Amino acid sequence: MVRDYRDRADDSLLTLLGDLPDLVSNLVKAEIDAAKTWVARTSKDAGIGSVWFLVALFFLFWAVPVVLVFSIAGLSSWFPVWLSAIITFGILLLVVLVFALLGILKFRRVLRRENPAQAVATDVRIVKEAGDGR
């Protein structure tokens with residue numbers, strides 16, 4: 001969106017006050033658009049992070065039978081069977097950790113993003129600072 005900037009040094013007070021409702025309206029519209037964008041991006045990232053956690057839980061679900069096979073095989077046959085079971089369990093555990101890490105990273109991204117309420121608070125603070133500077 002291209003904005004039209006002009007020198008307002010020669011404008012009268014009434015002209016400036018007359019432009020104020022339009023400026024406030026534009027600010028409110030921009031904040032609503034920013035809120036919509038924030039909700040869309042945040043929900044998308046939260047959904048993707050949830051999927052990564054579900055994938056991690058899926059592999060963790062299948063890791064439980066591997067632990068049981070490991071204990072049974074370890075008791076019934078000493079070396080080759082339980083060694084293969086523990087290697088399989090280790091690989092599944094690494095897969096779980098990778099997908100859980102991907103989910104955590106996605107949720108951290110969600111938490112770092114500035115939400116619309118913070119943007120409004122920043123705008124109000126800037127306006128107050130500009131008013132106090134006179």
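Biologist: How many salt bridges does a search of the whole structure find?
Modeller: The search turns up one salt bridge, a term that stands for a side-chain nitrogen of Lys or Arg within 4 Å of a carboxyl oxygen of Asp or Glu. Please keep in mind that this is a predicted model, in which local features need pLDDT of at least 70 and side-chain atom pairs count only at pLDDT 80 or more, while totals for chains, interfaces and linings use all residues. Residues are numbered from 1 along each chain as its sequence is written, and side-chain values use heavy atoms, with hydrogens and water left out.

Biologist: Which side chains meet in that salt bridge?
Modeller: They are Lys106 and Asp45, with 3.7 Å from N to O. Lys106 lies in helix 2 and Asp45 in helix 1, so the pair ties together parts that are 61 residues apart in sequence. Helices (H or I, at least four residues) and strands (E, at least two) are DSSP runs, numbered from the N terminus. As a general point, side chains of opposite charge can pair when their charged atoms come close.

Biologist: Are Lys106 and Asp45 buried or exposed?
Modeller: Both Lys106 and Asp45 are buried, where buried means under 20% relative accessible area, exposed means over 50%, and partly exposed is in between, with a 1.4 Å probe and protein chains only. For Lys106 the relative accessible area is 14%, which is why this residue counts as buried.

Biologist: What else is Lys106 in contact with?
Modeller: Leaving aside neighbours within four places in sequence, Lys106 is in contact with Ile48 and Gly49 as well as Asp45, and contact here means heavy atoms within 4.5 Å.

Biologist: What about Thr42, which residues does that one touch?
Modeller: Thr42, which lies in helix 1, touches Val110 and Arg113, not counting residues up to four places away in sequence. Thr42 counts as buried because its relative accessibility is 12%.

Biologist: Changing topic, how many helices and strands does the protein have?
Modeller: There are three helices and zero strands, so to speak in the pattern α-α-α when read along the sequence. Helix 1 covers residues 13-76, and helix 2 covers residues 80-112.

Biologist: And what share of the residues count as buried?
Modeller: Of the 134 residues, 15% count as buried. The protein exposes about 10500 Å², with carbon and sulfur atoms supplying 72% of that area; accessible areas come from the Shrake-Rupley method with a 1.4 Å probe, and for residues only the protein chains shown count as cover.

Biologist: Which residues form the positive surface patch?
Modeller: The positive patch is formed by Arg41, Lys44, Arg108, Arg109 and Arg112. Helix 1 and helix 2 are the elements that give two or more residues to this patch, and helix 2 gives the most, with three residues. Patches are made of residues with over 30% relative accessible area and no salt bridge, with like charges joined within 9 Å and nonpolar side chains (Val, Leu, Ile, Met, Phe, Trp, Tyr) within 5 Å. Lys and Arg count as positive and Asp and Glu as negative, while His and the chain ends are not counted, and the place of a charge is taken as NZ of Lys, CZ of Arg, CG of Asp or CD of Glu.

Biologist: Is Lys44 buried or exposed?
Modeller: Lys44, found in helix 1, counts as exposed because its relative accessibility is 56%.
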